[in-house]
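Open the model in your viewer and get ready to select a few residues. We will go stop by stop.

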Amino acid sequence: FGQAEAEELCKKLNEQAPITIRVNTLKATVEECQSKLLQEGIETESVAGVPFALTLKKRVNVFSLNTFRDGLFELQDAGSQLLPIMIDPKPTAKVLDACAGAGGKTLEFAALMKNRGEIVATDVNKYRIEELKKRARRAGAFNIRPKHIDSLEDLEQDYAEYFDVVLVDAPCTGVGTIRRNPGMKWSVSEEMVKELSEKQQQILKACAGLIRKGGRLVYATCSLFNEENEDVVERFLKDASAYSMKPLSKP
C-alpha cells in the first residue's frame, strides 16, 4: 500500500468501530425508522453515500430495541451495505448469494428488489442458514430461498446458467474488519492466506456455470490482501474465457 496509506489503514483499524444499522425499507423509510428509534431514546445520524445506513450516537444493545424486534433495521456496517447497492439487482432478477452466511446482504437484496424476483441464499453452515430464516421472517422478506448445501457443486443440476447475478462474498481472512475483531492480528498467517486463496478460487469456479449469458458474477471479500482479491480474480479470468472484467460503479 505504500507507507502513507499503510499508516492511515493502521490508524483507522485501531479506532473503535461505530454501531451502524441498515434500515429495512420493506417495513419503514429511513425517516420513519429514525423517528421510532428516537421514541426509544436512540439518536442516529445518516452516513454520507450510504442511503439506508444510520449510525447510533451512543452504544446500546440494539437487539433489545422494539424497532429491531419489529424488523425495522438490521445491524450492518456501511461498507457491507454498499455492495448490494452497487450491484443494484432488478426487482425481477434471479440472484444467488453463494456464501450467504446469516444473510446480511441477502436481506438487503430482498429490500432492494422490493420482495420480488428470486434470491437463493446458500451456505455450508447449517446454523447460519437457520439464522437467516429467522432474520428473513422478522424482516418480512418473502423472496428468499435459503438452502443448506454441502458444496456449491450441489447447485449444478437445478441451477445451470440460471442466475442473473451471483454474489461470491467469499470466506477470507477478514483483515479489513480488524477494528471489530482486533484478536485477528495475532491469528492470521501467511499459510492461512494461501489456503483461503485456493478456496476462493474453487468457489468462483463452482459458480461460473450457474450464471446465464450476459449475467454477472460479483466477487467480494473483507480482506485487504491482493492474494485474496485481485490475484484470485486474475487467476479465474485466465481459465474462464467466457468472463470479462467489469468494475462496479459507485451509487
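A crossing of two helices is called right-handed if the near helix is turned clockwise from the far one by less than a right angle, and left-handed if it is turned anticlockwise. Keep that in mind for the first stop. Note too that this is a predicted model.

**Stop 1: two helices.** Select H5, residues 104–112, and helix H6, residues 126–139. H5 passes H6 in a right-handed crossing. Now find the residues that touch. On H5 they are Gly104, Thr106 and Leu107; on H6 they are Leu132, Arg135, Ala136 and Ala139. By class, this contact has four nonpolar residues, two polar ones and one charged one. Next, look along the axes. They lie 10 Å apart, and the helices pack at an angle of about 30°. Angles under 35 degrees count as roughly parallel, so H5 and H6 are roughly parallel to each other.

**Stop 2: threonine 106.** Stay in helix H5 and pick threonine 106. Is threonine 106 buried or exposed? Its relative accessible area is 0%, so threonine 106 is buried. Show its side chain: a polar contact of 2.6 Å links it to the side chain of aspartate 97. Beyond its neighbours within four places in sequence, threonine 106 has contacts that include Ala100, Ile119 and Ile144.

**Stop 3: phenylalanine 63.** Jump to the loop between strand E3 (50–56) and helix H3 (66–69), and select phenylalanine 63 there. Its relative accessibility is 47%, so phenylalanine 63 counts as partly exposed. Leaving out neighbours within four places in sequence, phenylalanine 63 touches Phe68, Arg69 and Leu75.

Key: Residues numbered from 1 in each chain as written. Predicted model: local features only at pLDDT ≥ 70, side-chain atom pairs only at ≥ 80, totals over all residues. Heavy atoms only, no water. Helix = DSSP H or I, 4+ residues; strand = E, 2+ residues; numbered from the N terminus. Buried < 20%, exposed > 50% of the residue type's maximum accessible area, 1.4 Å probe, protein only. Polar contact = N/O pair within 3.5 Å; in protein donor to acceptor, adjacent residues only side chain to side chain. Contact = heavy atoms within 4.5 Å. Axes fitted to C-alpha atoms, helices over the stretch in contact; angles between N-to-C directions. Parallel < 35°, antiparallel > 145°, perpendicular 65-115°, else oblique. Nonpolar A, V, L, I, M, F, W, Y, C, P; charged D, E, K, R; others polar.
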